[in-house]
Amino acid sequence: MSPKTAQELALPVGVTLDRFIMLSQTAFPYATGELSQLLRDIALAGKIINREINRAGLVDIAGGNGTDNVQGENQQKLDIIANIRFIRALKNGGEVCAILSEEDEDIIHTGNDHGKYVVAMDPLDGSSNIDVNVSIGTIFSIYRRISPIDEPATREDFLQGGRKQVAAGYILYGSSTMLVYSTGDGVNGFTYDHSLGEFILSHKNIRSPENGTIYSVNDGYINDYPAFVQDYLTKCKAQSCTARYIGSLVADFHRNLLRGGVYLYPSTKKTPEGKLRLLYECYPLAFIAEKSGGKAIDGFGPILDIVPTSFHQRSPIYVGSPSMVDEVMKL
Ligand code: AFP
C-alpha cells in the first residue's frame with residue numbers, strides 16, 4: 001500500500017456556512033451584511049434545537065405539554081422550546097423587527113425596530129414524530145419589511161406574498177442535521193458537523209430532478225381528496241411508483257428534492273383549505289422548489305402567486321419535480 005500524501009492525510013473539512021455566507025455577500029458590492037447575520041442567527045438557533053432534540057428521551061422534554069397552539073393542535077414540549085430558542089436567537093441577533101410563528105396567534109415584536117427584516121417560521125414541524133425518533137424540521141421565510149424603519153412592524157410586512165421572500169429554507173433534523181436555504185440565487189445544503197459545531201457545505205447548487213418515481217401523500221385520506229388527486233394516485237399505483245410518506249413535511253420534501261418526486265397535501269372534506277400553512281410552510285418550500293428548478297402549486301396556480309390574507313391561512317400543496325407536479329394537474 002502506497003503511503004498517503006499530506007493532503008490525503010488531512011483532507012479539507014470543506015466550506016463552513018459562515019464562509020459561504022461571507023463569500024456570497026462579497027459577490028454583492030452593496031450588501032450590508034444584515035441578511036448574512038440573520039442567516040447566521042437562524043443557523044445558531046438550529047444548532048441549539050438540534051442539541052435539545054438529541055437529548056429528548058434522556059431529559060423531560062419529550063411528549064406533549066398539555067397545551068394547544070393557535071391552530072388548536074397539541075403542543076409538544078419541544079414545540080415550545082424550539083419557539084423560544086428561535087425567538088431569542090432572532091431577538092439577540094438584532095436584524096429582525098418582528099416574527100410570525102406557528103405557535104403564536106399574533107406577530108412578535110422583537111424590540112429591534114431598526115431591523116430591516118421579518119421572519120415567518122414553523123420552529124418545529126412534524127413534532128408529533130419526536131417521541132418516536134422520526135425526522136423533524138424547522139421552516140423559515142424571510143422578507144424585507146415594507147413598513148418604515150424605526151417604527152413597529154405591521155401585518156403588511158408579513159402579507160407581502162411568496163414572491164417577495166428574500167430568502168427561505170429549512171433545517172432537517174434527520175440521520176444528520178442539514179440546513180438548506182436560498183437567497184434567490186440557487187439552493188445550497190449544509191450538513192452539521194457535531195464535532196466542529198459548524199454547518200459544512202455538502203450539497204452545492206441543489207437542482208430538483210425534472211422527473212421522479214416517488215409520490216408522498218397520506219393515502220389514508222384518499223377517499224376525501226378531489227377527483228383529480230384520486231385519479232393521479234390511481235395512476236401512480238398502476239405504474240408501480242414508489243410511495244414514501246414520513247408525515248414530516250421537511251423530511252418528505254427534502255427526500256423528493258434530492259431523489260425526484262412529488263409531495264401532495266390536497267384539500268380534504270375535513271380540511272377544505274388543506275392542512276399546511278401558507279406563510280411558513282408552503283411559501284418557503286415553494287421558494288426552495290422553484291429556485292432549484294422544481295414546481296409548487298395549489299391546484300390552481302403557483303403557490304408563490306397566492307395573495308395572502310391572514311397569518312395562519314392554509315393551502316393545498318403539490319410540490320416537487322416539475323414533470324410530476326404537471327402530471328397531477330393534467331388528469
Ligand atoms: P405535526 O407537526 O402535527 O406532526 O404535523 C406535521 C405536518 O404539519 C407536516 O409536517 C406533515 O407533512 C403533515 O402535517 C402530516 O399530516 P397528516 O398526519 O394529516 O398526514
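Visitor: Let us start with Glu-102: is Glu-102 buried or exposed, and what is its relative accessible area?

Guide: Glu-102 is buried, with a relative accessible area of 4%, where buried means under 20%, exposed means over 50%, and partly exposed covers what lies in between, all with a 1.4 Å probe and only protein chains considered. Before going further, please keep in mind that this is a predicted model, in which local features need pLDDT of at least 70 and side-chain atom pairs count only at pLDDT 80 or more, while totals for chains, interfaces and linings use all residues. Residues are numbered from 1 along each chain as its sequence is written, and side-chain values use heavy atoms, leaving out hydrogens and water.

Glu-102 forms a salt bridge with Arg-277, and their closest N and O atoms are 2.6 Å apart; the term stands for a side-chain nitrogen of Lys or Arg within 4 Å of a carboxyl oxygen of Asp or Glu. This pair links distant parts of the chain, 175 residues apart, since Glu-102 sits in the loop between β3 (96-101) and β4 (108-109) and Arg-277 in the loop between β13 (261-265) and α8 (278-291). Such labels are DSSP runs numbered from the N terminus, with helices (H or I) of at least four residues and strands (E) of at least two. Arg-277 is also buried, at a relative accessible area of 3%.

The structure holds 13 salt bridges, and another of them joins Asp-305 to Arg-163, with the closest N and O atoms 2.8 Å apart. Here the partners are 142 residues apart, with Asp-305 in the loop between β14 (295-297) and β15 (317-320) and Arg-163 in the loop between α5 (155-158) and β7 (165-173). Asp-305 is partly exposed at 44% relative accessible area, and Arg-163 counts as partly exposed at 45%.

A further salt bridge connects Lys-237 with Asp-219, whose closest N and O atoms are 3.1 Å apart. Lys-237 belongs to helix α6 (residues 227-238), while Asp-219 is in the loop between β11 (214-216) and α6, 18 residues apart. Lys-237 is partly exposed, with a relative accessible area of 39%, and Asp-219 counts as partly exposed at 35%. To return to where we began, salt bridges that share partners join Glu-102, Arg-277 and Glu-281 into one network.
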